[in-house]
Each structure stands twice: as C-alpha cells, then as structure tokens.
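Hi there,

Here is the structure I promised to pass on. My notes follow below it, and I hope they are handy when you open it in your viewer.

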Amino acid sequence: MFQIKPVQTKVDQERICALCNTEYDADMLAYSATTETGELLGICQFVMKDEAGYIKELVYAPGTDDFEAMFIMARATLNFIDLCGIKKAYYMGEEKPIVKAVGFIRDSEGRFFIDLTDAFEHKCGGKSK
C-alpha cells in the first residue's frame, strides 16, 4: 500500500525534491507518494495559473518504480486542479509511459494536454426498476 498526500511545507517540498533528484520550485504546490512505512516513492510539483493547471513533472524516487502509486498521485493532482474549478491541464515534463496512462494527449501545439471537464464525475448509467 501507499499514501498520496499534499506536501504541507516548502521545507518538506524542497527536501523531497532533493531526495528525488529534481529541481525544487517554490512557486509550485506538490503531492508526494510514500509507502505505508514512509519510504518515498515520488513527487509531483504543479501550479495553477492562467485558467490552467501545469504539472511540472512526475518524478520517481531513486530506486523505486511503483507505477500505480505514481498514477494515483498524478490523478489526485488532477482531481485537486479540477476541484479548484480549472478544467484544462498540461504536463510539462519529459514524455514517459505514465503521462499517457494518466490521460494526457498531445495537442495541436505538441504539448501534453488533458481536458478535466467531467473527468472526475461519477455518472451511474443504470436504471432503477
């Protein structure tokens, strides 16, 4: 099992970025993924501006490769962006299998894009009898 949580302080965000060998960006928010025992699995830094969400990158911690944890962390990030009323998001990092698995596609400008409209809405298609 694993835990996905918002990173609560900039000090923690900077520390986690250093552990993941990625550049810390103080202007961004972040989610982290850890095991139940607290082992770091990865980080996702993101920002919301100009009516869009921007995920800087999804970064595995060195020596880890938990695709499921990274997938859920990315989806939790997108859900948060959606809950803030923003319906489009872009992935700014390098292309990796996780990016397409989460649902990003290349737009006409070559950027990784996802439309969040109704992405997290649960709609029951069944009819009651």
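**A buried loop residue**

Thr-22 is buried, because its relative accessible area is 13% (buried means under 20% relative accessible area, exposed over 50%, and partly exposed in between, with a 1.4 Å probe and protein chains only). Thr-22 sits in the loop between α1 and β2; helices (H or I, at least four residues) and strands (E, at least two) are DSSP runs numbered from the N terminus. Leaving out residues up to four places away in sequence, Thr-22 touches Cys-17, Ile-43, Gln-45, Glu-57 and Val-59, where contact means heavy atoms within 4.5 Å.

Before going on, please note that this is a predicted model, in which local features need pLDDT of at least 70 and side-chain atom pairs count only at pLDDT 80 or more, while totals for chains, interfaces and linings use all residues. Residues are numbered from 1 along each chain as its sequence is written, and side-chain values use heavy atoms, with hydrogens and water left out.

**The sheet and its helices**

The open sheet has seven strands in the order β1-β2-β3-β4-β5-β7-β6, with mixed pairing (two strands pair if DSSP finds at least two bridges between them). Its edge strands, β1 (2–6) and β6 (105–106), each pair on one side only. β1 is antiparallel to β2 (residues 29–35), with five bridges joining the two; Lys-5 has Ser-32 in β2 as its bridge partner. Helix α1 (residues 10–19) packs on the sheet and touches β2 and β3 (40–49), its direction making about 125° with that of β3. For such angles, axes are lines fitted to C-alpha atoms, for helices over the stretch in contact, and the angles run from 0 to 180 degrees between N-to-C directions. Helix α2 (residues 67–83) runs at about 20° to β3 and lies across β1, β2, β3, β4 (52–60), β5 (88–91) and β7 (112–115).

**Loops worth a look**

What is the state of Ile-86, buried or exposed? Ile-86 is buried, since its relative accessible area is 12%. It is found in the loop between α2 and β5. Apart from its neighbours within four places in sequence, its contacts are Met-48, Glu-51, Ala-52, Gly-53, Ile-81 and Leu-116.

One of those contacts, Glu-51, lies in the loop between β3 and β4 and is exposed at 69% relative accessible area. Glu-51 has a positive phi near 60° without being a glycine. Asp-50, placed in the loop between β3 and β4, has a positive phi of about 50° and is not a glycine either; at 63% relative accessibility it counts as exposed.

**The largest pocket**

Finally, the largest pocket holds about 160 Å³ of space. A pocket is an open set of points on a 1 Å grid over the protein atoms alone, where a 1.4 Å probe fits, with protein on both sides within 12 Å along at least five of seven lines; lining residues have an atom within 4 Å of a point. Grid points are joined across faces, edges and corners, and the volume is the space filled by probe spheres set on the points. The lining includes Lys-5, Asp-12, Arg-15 and Ser-32, and β1, α1 and β2 each supply at least two of its residues.

Best wishes
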